[in-house]
Amino acid sequence: MRLHRNLCFAVIDGLTLIFNEGQYADKVIQQLLKRDKRWGARDRAFVAETTYDIVRWKRLYAEIAEVKEPFHRDNLWRMFAVWATLKGIRLPDWKYFENTPTRKIKGRFDELSKIRKFRESIPDWIDEVGVQELGENKWTKEIAMQNEQADVILRVNTLKTTKDKLQNVLADQNIETEFLKGYPSALRLTERANVFVTDAFKNGLFEVQDASSQLVADFLDVKPGMKVIDTCAGAGGKTLHIASLMENKGQITAMDIYESKLKKLKVRARRNGVHNVDLKVIDSTKPIKKLYNKADRVLIDAPCSGLGVLRRNPDAKWKLEPEFLDRIRVTQQEVLQQYSKMVKPGGKLVYATCSVLPSENQNQVNAFLKTEAGAQFKFVKDKKVFAHESGFDGFYMALLERKP
């Protein structure tokens, strides 16, 4: 592979924004890809994947390069040189790469690879929490899998098409997909492609949604005609899945504290041909109290550490702080206490997170069931999804039923 100056500069500019200015990697990369109209698919893939790679392995590469934060540009070029050397890419004779000790880099890599926190490139505290909650063996496997690049998984919008039809439509555009056993609405891309530019996407035939995330709506056990509330809807990936399972019949109330996210959901719903969703911003306790005892089904896709989806958001591990974890556990319990009251007697509630930590998952459910609000519910079942076992994102979901 030959390195091109303008592409490498784009990567360095992106890393400056992500590491030094705390910007989100996905947003930075979206901006970078608009930088030069002459770039082809391969150029754009280089910029996106290289930036993500260096973000993912920040701790390891910085240690090998012997640089510390905040990284000035020379530091970032040194980390880039480490990335290229470990990928077996020959460094051009640019001034940034003068005196790069390639042999030393490989030796240092072998040495550091024996220590998990460097090998998997994670902060000490996350490594400690992982071991404490999951044990050495499980955590070692899970965090290794969280560093693998995630597959692109589509969820077929059954309101508009079928899995077979969508597969054929995409194949006509040279996008090959395969079915996934145990995931009724999922198609996996056999090779990465930009699916957002296809007519199939623009016409709402599918959404991009990880296979584990697709399990949540199924777990909720919805039926056409029901009244369903998605309490932390965000931009609505699960809301739209619920709508398709309900065949557009019945009513879904999608709630969130961020109006901007619900606006995105509105656009997506229109594209998906979904018209049974009502959007509500949670700006006080009023909208919640109005819905007490009203819903057949309530989904609480709770805010969490996101430690099950680091493959998609590698910069999250550098932004997370121990204090955030403590705060989010308090929020999770508050949300369970408040939102569970919207379930009517005989109705069902699903509590879900994209975390693999028991303290955010089954421990929260057990604590809830021991409270006054929780005493009205019985535990039905739960599902713990680990990336190293499933090959998809780490997730947790628990199904509770309100006693009649």
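This is a predicted model: local features need pLDDT of at least 70, side-chain atom pairs count only at pLDDT 80 or more; totals for chains, interfaces and linings use all residues.
## Overall form

The protein chain contains 19 helices and 11 strands. Its radius of gyration is 23 Å, close to the 22 Å given by the globule rule for 404 residues, so the chain is as compact as a globular protein of that length. Along the principal axes, the C-alpha atoms occupy a box of roughly 75 × 50 × 40 Å.

Of the 404 residues, 52% count as buried. The accessible surface of the protein chain amounts to about 19200 Å², and carbon and sulfur atoms contribute 49% of that area. Among contacts between residues at least 6 apart in sequence, 72% link residues at least 24 apart.

## The four-stranded sheet

An open sheet is built from 4 strands in the order β2-β3-β1-β4, with antiparallel pairing. Its edges are formed by β2 (177–179) and β4 (206–208), each of which pairs on one side only. On average, and with direction ignored, neighbouring strands of this sheet are turned by 35° against each other.

Strand β1 (residues 153–156) runs antiparallel to β4 and is joined to β4 by 3 bridges. In this part of the sheet, Arg 155 stands opposite Glu 207 of β4. In general terms, the strands of a sheet pair through backbone hydrogen bonds, in either a parallel or an antiparallel manner.

## Nonpolar cores

The largest nonpolar core comprises 43 residues, and those with the most contacts inside it are Leu 3, Phe 19, Phe 46, Ile 54, Met 79, Phe 80 and Trp 83. The elements that supply two or more residues to this core are α1 (5–20), α2 (25–32), α3 (41–56), α4 (58–65), α5 (73–86) and α6 (102–112). A second, separate core has 33 residues, including Ala 211, Ile 242, Val 350 and Ala 352.

Residues up to four places away in sequence aside, Ile 54 touches Val 11, Leu 15, Phe 19, Tyr 61, Met 79, Phe 80 and Trp 83.

## Asn 75 in helix α5

Helix α5 also holds Asn 75. This residue has a relative accessible area of 9%, under the 20% limit, and is therefore buried. With neighbours within four places in sequence left aside, the contacts of Asn 75 are with Val 67, Lys 68 and Pro 70.

## Helix α13

Helix α13 (residues 237–245) is largely enclosed by the rest of the structure, because 7 of its 9 residues are buried. The buried positions in α13 are Lys 238, Thr 239, Leu 240, His 241, Ile 242, Ala 243 and Ser 244. Of these, Ile 242 is also a member of the second core. After α13 comes Glu 247, which has a positive phi, near 55°.

## Ile 288 in helix α15

Ile 288 lies in helix α15 (residues 286–289). Its relative accessibility is 2%, and Ile 288 accordingly counts as buried. Residues up to four places away in sequence not counted, Ile 288 touches Met 255, Ile 282, Gln 338, Tyr 339 and Met 342.

Note on methods:
Residues are numbered from 1 along each chain as its sequence is written. Side-chain values use heavy atoms; hydrogens and water are left out. Two strands pair if DSSP finds at least two bridges between them. Axes are lines fitted to C-alpha atoms, for helices over the stretch in contact, and angles run from 0 to 180 degrees between N-to-C directions. A nonpolar core is a set of buried Ala, Val, Leu, Ile, Met, Phe, Trp, Tyr and Cys residues joined through side-chain atoms within 4.5 Å. Buried means under 20% relative accessible area, exposed over 50%, partly exposed in between (1.4 Å probe, protein chains only). Contact means heavy atoms within 4.5 Å. The radius of gyration is taken over C-alpha atoms; the globule rule is 2.2 Å times the number of residues to the power 0.38. Accessible areas come from the Shrake-Rupley method with a 1.4 Å probe; for residues, only the protein chains shown count as cover.
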